[in-house]
Each structure stands twice: as structure tokens, then as C-alpha cells.
Amino acid sequence: MLKRLFRKKEISRPIDSATIPEGRRVYAIGDVHGRNDLLQQLLDKIIKDDGERGDAESEIIFLGDLVDRGPDSCGVIDTAMQIKAKLGDIRFLMGNHEEVYLSAATGDEKAVRFFNRIGGRETILSYEITMKEYMELDMVQLAQRIPEIFPQSHIDFIAGFEDQIVIGDYAFVHAGVRPGVKLTEQRPKDLRWIREDFLAEDEPHEKVIVYGHTINEDVVEAGNRIGIDTGAYYSEKLTALVLEGAERRYLDTSA
């Protein structure tokens with residue numbers, strides 16, 4: 001009797017009942033961060049996986065942070081633009097690194113300084129500028145140079161990224177959401193930058209939140225959220241969440 005009275009209360013986990021509409025298949029890709037080699041590997045796996053499954057309305061969602069830290073952000077953007085043109089059903093979320101990329105692209109010196117501190121150096125060097133020239137430029141000169149080396153097509157492409165995507169019982173964002181705030185009222189700043197306040201929240205949100213931004217060794221499945229940033233730029237592991245009906249599974253580039 002005492003055991004029954006003090007038995008631990010079972011907690012309902014929203015991810016256990018979350019679904020997307022029948023007939024749809026979603027591939028959500030975590031933070032790429034300049035690893036064009038891993039992105040191409042993962043896209044090959046996604047295309048193969050999709051071909052082996054039954055007919056469905058398939059789409060790919062990038063959770064943001066395509067750029068910075070890794071060696072080939074320019075190549076990542078080119079790949080993203082190419083697959084968007086080829087496959088069509090591809091959507092992109094604006095990460096905090098894309099936000100800073102766009103600010104740096106204006107030639108603003110303060111933005112360029114911050115850009116360099118968070119991994120933008122590698123992004124700059126993936127474009128048409130040598131290491132020698134980069135090292136010889138002071139910050140003012142570098143800020144003036146960046147608008148010349150970032151192609152307008154790349155800037156326009158990134159500027160079109162979305163802040164959130166809702167499909168069925170899932171909401172896809174880059175960093176997370178502000179707890180207690182409706183999805184329709186979330187601020188872009190929170191969707192792109194939030195961390196501790198979001199990660200500390202155990203209560204259900206309007207939807208199960210699929211996010212990147214915060215690196216973990218493996219996928220994180222909490223009751224109200226799924227994190228898929230597995231630190232590709234240094235771990236060699238780029239991860240995609242696959243959703244179909246009530247099913248969820250994962251693809252990645254690990255050995």
C-alpha cells in the first residue's frame with residue numbers, strides 16, 4: 001500500500017506521441033558549420049534512404065549554421081543552393097552564424113570583429129582571398145574587403161532563410177524557443193541565440209522543438225525537444241533526424 005502511495009509519478013513525454021501528417025517525410029539536418037564534405041556524404045545517405053522508402057512528400061530542413069568554423073563554408077552554400085535548385089523541397093532556417101554573416105557582409109567593422117571571433121575567419125578564407133592577404137589586412141581594411149569577396153548570390157540566398165517551421169506536432173528552429181511564449185510570438189533573437197533558459201525547461205511547449213545550436217556528442221531526446229547538433233566541424237558527425245508519421249530515426253556521417 002505504501003509503495004502504491006509513494007510510487008513515482010509517470011511523466012508524459014510529448015515526443016512519444018508526436019507525429020507529422022501522413023504521406024510526408026521530413027529530413028532535418030543539424031549544424032553543418034563549413035563541412036561541405038560531410039554535407040555531401042549526408043545528402044547521399046538521405047537521397048538513398050528516401051529512394052528505398054515508399055512514396056511520400058519528402059523535404060529537407062536545414063536547422064541553420066551552415067557557415068563558420070569548418071574549412072569550406074563557401075562550398076556549403078554552393079551545395080545548398082544547388083540542391084535547392086535541383087530538388088526544390090528544401091528549406092533553411094536562419095542560425096545565429098548566418099545572422100552575423102549577413103551583418104559582416106555589409107562591411108560593418110564591429111560585425112566583422114565579432115564574426116572573426118565566432119568562426120568567421122574560416123568562412124572568409126573559403127572565399128577568394130589568400131591567407132597572406134587576410135593576414136596583411138587590419139580590421140578596418142578587412143571590413144571593407146568582405147563585401148567584395150562574398151558573392152551577392154550567397155548573401156541573397158542566406159537572407160531568405162526562415163526563423164521557424166512547423167510541421168504536425170513538431171516545430172523546427174535553430175537554437176530553441178523562449179519558454180511560455182507562443183510560437184507565433186517568438187523573437188528571432190531567441191530562435192537564433194537562446195540556450196540555457198530553453199534547455200532548462202521541462203514543461204511541454206506548443207510543439208516538440210527540433211533544434212541545433214547546442215553541441216552534444218549524440219542526439220538529445222528530452223521530453224519536449226530533440227537536439228541534433230553533434231559538432232560536425234570537429235567530430236566528423238553530421239546528423240539528420242528523419243520523421244515519418246509517428247516514427248523518428250536518425251542518419252549521420254559517423255563511421
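The tour below visits a pair of strands, a pair of helices and a histidine. Keep in mind that you're looking at a predicted model.

**Stop 1: two strands.** Select residues 24-29, which are strand S1, and residues 57-62, which are strand S2. The two run parallel, and 6 bridges join them. To see one of those pairings, pick out arginine 24: its bridge partner in S2 is glutamate 57. Now colour S2 by accessibility. Strand S2 is mostly covered, with 5 of its 6 residues buried.

**Stop 2: two helices.** Next, select helix H5 (residues 109-125) and helix H7 (residues 139-149). They pack at an angle of about 65°, and their axes are 10 Å apart. Turn the view and you'll find that H5 passes H7 in a left-handed crossing. Show side chains to see who makes the contact: H5 brings Glu109, Val112, Arg113, Asn116 and Ile124, while H7 brings Met139, Val140, Leu142, Ala143, Ile146 and Ile149. Sorted by class, that contact has 8 nonpolar residues, 1 polar and 2 charged.

**Stop 3: a histidine in a loop.** Jump to histidine 205, in the loop between helix H10 (196-199) and strand S6 (208-211). Is histidine 205 buried or exposed? Histidine 205 counts as buried because its relative accessible area is 17%, under the 20% cut-off. Who's around? Beyond its neighbours within four places in sequence, histidine 205 is in contact with Val177, Pro179, Phe198 and Asn224. Zoom in on asparagine 224 to finish: its side chain and that of histidine 205 are joined by a polar contact of 3.4 Å.

Key:
Residues are numbered from 1 along each chain as its sequence is written. This is a predicted model: local features need pLDDT of at least 70, side-chain atom pairs count only at pLDDT 80 or more; totals for chains, interfaces and linings use all residues. Side-chain values use heavy atoms; hydrogens and water are left out. Axes are lines fitted to C-alpha atoms, for helices over the stretch in contact, and angles run from 0 to 180 degrees between N-to-C directions. Helices (H or I, at least four residues) and strands (E, at least two) are DSSP runs, numbered from the N terminus. A crossing is left-handed if the near helix is turned anticlockwise from the far one by less than a right angle, and right-handed if clockwise. Contact means heavy atoms within 4.5 Å. Ala, Val, Leu, Ile, Met, Phe, Trp, Tyr, Cys and Pro count as nonpolar, Asp, Glu, Lys and Arg as charged, and the others, Gly among them, as polar. Buried means under 20% relative accessible area, exposed over 50%, partly exposed in between (1.4 Å probe, protein chains only). A polar contact is a pair of N or O atoms within 3.5 Å; within protein, one must be able to donate a hydrogen and the other to accept it, and residues adjacent in sequence count only if both atoms are side-chain atoms. Two strands pair if DSSP finds at least two bridges between them.
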